[in-house]
Structures are given as structure tokens and as C-alpha cells.
Amino acid sequence: MALEAIQAWRTPMYTDIFHETGWILTTLGDPKATDHLKKSYENLKNKGQAHNIDFVSGKDEIVRYVPQLKNARNIGNWKGLWNKQAGWAHAANAIKKVADEAAKMGVRFISGPSGEMVGLETEGDKVTGIRVKSGEIHHADKYILSTGAASPALLPELHTELWSKCWTYGLLELTEEEAAQFKNMPVVLNHELGFFFEPSREGRLIKICNEFPGYQWRKGEYTDANGKTHKYSVPRYASEYPEDGIPEEAMNAIKHFISTVIPQFEGREIKGAKVCWCTDSPDAHYLIANHPKYPGGELLLATGDSGHAFKMLPIIGKYISNAVEGDFKPEWRYGNRKHLDSGRPGDEVKDLKDVGIGGPQARL
């Protein structure tokens with residue numbers, strides 16, 4: 001799907017949205033990361049795409065592809081893969097483009113309280129509508145829930161299949177001269193430290209994300225048929241809690257990334273620090289299937305992004321529409337998917353309340 005998606009990103013529709021700058025994926029030597037790199041290379045080799053890949057190790061080889069890393073500390077210990085056939089896309093502009101094209105095709109968007117789903121309206125084993133915050137109920141013949149990180153909160157029975165987690169990022173503002181030096185820079189991802197890419201055209205901002213297993217917010221509760229109550233993670237959105245910022249430990253990790261990877265910006269103010277929510281599925285694959293609780297097939301789930309949703313933006317709709325139109329009949333039953341290693345560093349998913357957000361501790 002990733003190879004299919006990158007071809008779609010290259011089409012005229014996404015001109016000035018997708019930037020094929022290349023991508024360098026590195027590690028300091030973590031065994032999981034090293035294994036992930038090997039699997040990534042083998043996958044591309046099996047697809048006949050290995051010609052776009054080069055192994056890199058040490059400062060000279062890495063700086064040859066990314067001269068902006070010439071000041072990085074301890075870069076001599078880095079090793080990884082250089083992928084020429086990769087890059088980044090401007091998320092907000094991409095969403096706007098897709099929405100504009102959809103509107104031309106007759107799609108009608110409903111936003112605000114009239115468009116914010118709060119639950120399903122059902123009669124027995126049949127879905128009869130979508131309840132929204134305004135109190136209205138929207139009716140349709142077929143319902144597709146592409147509700148991302150909100151999915152377990154909206155359908156608590158999914159809490160065993162979907163795990164809502166958030167990651168953190170901060171923005172570093174550059175001068176015009178500095179931004180020019182980082183223009184067209186490849187995406188840089190280090191498994192243990194985090195990632196960043198070239199500054200935005202608007203505002204000269206570099207987005208820096210630290211790497212870790214994610215945070216949860218276990219505020220959801222679900223009582224099963226046996227009367228047992230289960231707690232699960234639900235989103236704590238920055239739009240609802242703008243005062244939250246990010247945990248202090250996450251801010252320190254971002255600062256550590258800067259002091260290690262681009263130390264010339266050490267000590268500069270980090271702006272716009274926020275959390276970003278995703279939903280991990282057990283096997284890190286999408287959950288595109290009819291909900292087994294409603295055998296009429298009127299409710300299709302299209303969620304479980306596992307951190308891969310945006311890069312599939314140009315093509316994911318095809319797979320969802322095929323499921324709607326019956327070109328394939330996806331089947332799914334609770335708990336039938338094997339839990340896989342996410343490939344992210346560390347194995348402890350902390351709760352936000354334990355790191356100073358939404359709990360008794362002081363907020364950043």
C-alpha cells in the first residue's frame with residue numbers, strides 16, 4: 001500500500017503538497033530497530049524497489065545525503081537506510097485539497113455540534129442513525145465510521161481491538177537564513193531520538209517529534225455482558241484542553257533531540273507543543289470491516305490507523321469504498337488478531353495523569 005500511495009502522491013493533484021525529499025531512517029543500535037530496518041529492506045527488495053535504498057553508517061555517509069546533520073553529536077554511531085523514494089506531505093493542505101475535490105463531487109460536510117458524533121442510534125441489532133452533539137440524529141442507508149482515535153470512546157466494545165494513544169511534538173522557529181539552509185532537507189528519523197523534516201513554507205517552523213511508545217489516558221469505562229468493568233484509553237484532545245501542553249518529560253526529550261541532532265539550535269524556545277492522537281490496532285493493520293454486532297452490514301468500520309493513516313491518504317478511500325460496494329467482503333471477529341511489536345522504542349505506555357497531564361501533578 002505504501003508503494004501504491006507514493007505513486008498517487010506524485011500525481012498532479014498533490015503538486016506542492018508532496019515533497020519527495022528522500023528519507024533517512026537510522027538507529028543507535030537498538031536490536032528492535034535494527035531488525036525493523038532489515039525487514040524494511042527485505043520488503044522493498046521483494047517488491048523490486050531495493051534500487052532506491054542505500055545502507056548508511058557513520059557521519060561521512062549520513063552527511064553525504066543530509067548535509068544539515070553536519071553538526072550532530074555522536075552521529076558516528078548512527079546506522080540505517082537511505083530511501084530516495086520518500087518524503088513528506090503538508091497535512092493541512094492535503095486535507096483541504098481532498099475536501100475541495102469531494103465537495104465538487106457532491107459530498108456535503110457537516111461540522112460543529114451538528115457534525116460531532118456522540119454515539120449510535122440502534123434498534124436491536126440494526127443501526128438506525130448517528131447521534132451528534134447538537135441532539136440531532138443523522139440517518140442513512142449505510143454508515144462508515146472513520147473515527148480514528150475516537151473510535152473506542154464512541155464504540156466502547158472496540159476497546160480490545162483499538163488502543164488510543166498520543167504522541168508529542170514541538171515547533172522550532174528559524175530565521176530566513178536558517179530556513180534556507182534546511183530547505184529540501186530529507187526527512188530524518190532516528191529510532192531512539194525522534195524525527196524532523198524541512199521547515200514549513202509558512203512561518204519557517206520545524207516540527208520535531210520525539211520517539212517513544214506513546215501515552216494513553218485511561219478514562220473510558222466499559223461494562224461487558226458479564227458485568228465486569230474495563231478501563232480503556234480515550235483521547236484528551238488539545239482542542240478541548242489547550243492549557244495542557246505536553247508532559248515535561250516529552251519536552252525534555254524534544255530538547256535532547258535538538259541538542260543531539262541540530263545542536264546549533266540548542267536553548268531556543270520550543271513553540272506550539274501539542275499532543276497528536278492515533279489508534280493502534282493489535283496487528284498494526286487497518287480495521288476495515290463490517291461491525292459483527294450489526295449483521296445487516298449497515299455499519300462499516302474504517303479505523304485502526306496505527307500511525308500509518310495520513311501517508312495512505314490518496315488511496316485508502318479506494319479500499320473503504322470497495323468494502324462499501326461489496327467488491328470484497330471483509331470479515332472480522334473480536335480478538336482474532338495477533339498482537340505484534342509496534343517497532344517503536346520502549347515498551348511502557350504511560351498514562352497522561354502520571355506524567356503531569358489531566359491529573360494532580362502540575363502541568364507544563
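Which residue takes a positive phi in the hairpin of strand 7 and strand 8? Glycine G135 does, with phi near 100°. That hairpin has 4 residues between its strands. Bear in mind that this is a predicted model.

Strand 7 runs through residues 126–132, and strand 8 covers residues 137–138. They pair in the antiparallel sense, over 2 bridges. Look at R131: it stands opposite I137 in strand 8.

Now step back to strand 6, residues 117–123. Strand 6 also pairs with strand 7, again antiparallel, this time over 6 bridges. If you want a pair to find on screen, take L120. Its bridge partner in strand 7 is I130.

Strands 6 and 7 form a hairpin too, with 2 residues between the strands. Here G124 takes a positive phi, near 65°. A general point on strands: in a regular one, side chains alternate between the two faces of the sheet.

Zoom in on strands 18 and 19. Strand 19 spans residues 299–303. The two strands pair in the antiparallel sense over 4 bridges. L287 has its bridge partner in strand 19, and that partner is T303.

Conventions. Residues numbered from 1 in each chain as written. Predicted model: local features only at pLDDT ≥ 70, side-chain atom pairs only at ≥ 80, totals over all residues. Heavy atoms only, no water. Pairing = 2+ DSSP bridges.
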